[in-house]
Amino acid sequence: MLTYYLIISEFGAKADGKTDLSKPFLDAWKEACASVTPSTVVIPKGTYLLSKVNLEGPCKAPIEINVQGTIQAPADPSAFKDPNWVRFYSVENFKMFGGGIFDGQGSIAYEKNTCENCEFRSKLPVNIRFDFVTNALIQDITSKDSKLFHINVFACKNITLERLKIEAPDESPNTDGIHMGKSEGVNIIASDIKTGDDCISIGDGTKNMVIKEITCGPGHGISIGSLGKFQNEEPVEGIKISNCTITNTSNGAQIKTWPGEHGGAVSEIHFEDITMNNVSSPILIDQQYCPWNKCKKNEESKVKLSNISFKNIRGTSALPEAIKFICSGSSPCQNVELADIDIKHNGAEPTTSQCLNVKPITSGK
């Protein structure tokens, strides 16, 4: 079947870095979405300014976006009244590719985004949102200097993110590389993530997920959670993270839940074949996760953790404590397995470990 191509310059787009791409992009999308034959929206090389765009389905046939150029967000955070910049909503059979760059121009936002400034943060946009997207492939795309999370995946099914480049300064706050929740069948493959927060963070309701061949760092590692902060969170289950390299991060492979707040469940989480280079906390279960001391520190976490494994994890830690398991006193971690762990401290002291409310099953080194 022939593909119908829509070049955005035909809709009035100008690659001059100042003409707003919003209307041409939306007009091209609407025409492509209404087409009964497969269609591709093409954004050629060049620099485009985009105020914001909301690209909605359902579409009548498979739809693609070939992004070759650089799309820039307004640098001033006050241009945004809600946390969206580029958003895909309710789209099926979708592909985005082409080597293009989504540049959030986040440096002004980083200076103002402090934990005291909550209202400011609530309006900062995510670079790219995928909401209720099914059967999608996102390939060879760069997300740069997002004001908040780079990519957010919510309520999606069968979506693969492959060969992505994500980059933001290591001191940029809340710039998680890829965050997801309430999604099933997400694959994140062969991607390079350098950011100021978690390289990948997995929220509640995430099931049957594969993460492999990721290079992460700087950043905060690859994280399940944080969980247990909100009521009625859905379980996280069936997550496999393998063949990754984590370098110069605060944490490596981690699971974090809030003390005292709400219940939840995390099960069948498997970290395997991971290299750690100078990671401060390479292997971490923290059920007393309490950033900015805003929690009930004296209470136990109500999130239940079970069937978790860390296998063939090697490399170096920046601090002596290579393994730290702080599980809940009211519902201790069940069936946690450690196999073939070989982590050396970069300093003079030997590596140590701490285990609270857990009896890990150990094998190998």
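# Briefing: backbone, charges and space

Q105 has a relative accessibility of 27% and therefore counts as partly exposed, a class that lies between buried (under 20% relative accessible area) and exposed (over 50%), with a 1.4 Å probe and protein chains only. The model is a predicted one, in which local features need pLDDT of at least 70 and side-chain atom pairs count only at pLDDT 80 or more, whereas totals for chains, interfaces and linings use all residues. Residues are numbered from 1 along each chain as its sequence is written, and side-chain values use heavy atoms, with hydrogens and water left out.

**Backbone geometry**

- Q105 has a phi near 45°, a positive value in a residue other than glycine, and sits in the loop that runs between strand 10 (101-103) and helix 2 (107-112); helices (H or I, at least four residues) and strands (E, at least two) are DSSP runs numbered from the N terminus.
- N357 is also a residue other than glycine with a positive phi, near 60°, and its place is the loop between strand 31 (352-356) and strand 32 (361-363).
- The peptide bond between G57 and P58 is cis, with omega about 0°, and P58 belongs to the loop between strand 5 (53-56) and strand 6 (63-67).
- A cis peptide bond also joins G217 and P218, here with omega about 5°, and P218 is found in the loop between strand 22 (215-216) and strand 23.

**Surroundings of N357**

- Because its relative accessibility is 31%, N357 counts as partly exposed.
- Apart from neighbours within four places in sequence, N357 is in contact with C327, S328, G329, P332 and C333, where contact means heavy atoms within 4.5 Å.
- A polar atom of the N357 side chain lies 3.0 Å from the backbone oxygen of C327.
- N357 and S122 are 235 residues apart along the chain, and their C-alpha atoms are separated by 36 Å.

- With neighbours within four places in sequence set aside, E162 is in contact with L137, I138, Q139, D140, I189 and S191.

**Salt bridges**

- The whole structure holds twelve salt bridges, each a side-chain nitrogen of Lys or Arg within 4 Å of a carboxyl oxygen of Asp or Glu.
- K194 and D192 meet through their side chains at 2.9 Å, N to O; K194 is partly exposed with a relative accessible area of 35%, and D192 is likewise partly exposed at 22% relative accessibility.
- K311 and E337 form a salt bridge at 3.9 Å, N to O, and because K311 lies in strand 28 (residues 303-317) and E337 in strand 30 (residues 334-345), the pair ties together parts that are 26 residues apart in sequence.
- K311 is partly exposed, with a relative accessible area of 29%, and E337 is partly exposed at 26%.

**Pocket and cavity**

- The largest pocket holds about 1,400 Å³ of space, and of the 46 residues that line this pocket, F149, N174, D176, H179 and S226 are the closest to its centre.
- Elements giving two or more residues to the lining of the largest pocket include helix 3 (118-122), strand 11 (126-131), strand 23 (222-227) and strand 27 (281-286).
- On a 1 Å grid over the protein atoms alone, a pocket is an open set of points with protein on both sides within 12 Å along at least five of seven lines, a cavity is a set where a 1.4 Å probe fits but cannot get out, and lining residues have an atom within 4 Å of a point.
- By this rule there is one cavity of 30 Å³ or more, and the largest cavity has a volume of about 40 Å³, a volume being the space filled by probe spheres set on grid points that are joined across faces, edges and corners.
- The lining of the largest cavity consists of D204, L227, G228, E233, E234, V236, G264, A265 and V303.

Technical notes: A polar contact is a pair of N or O atoms within 3.5 Å; within protein, one must be able to donate a hydrogen and the other to accept it, and residues adjacent in sequence count only if both atoms are side-chain atoms.
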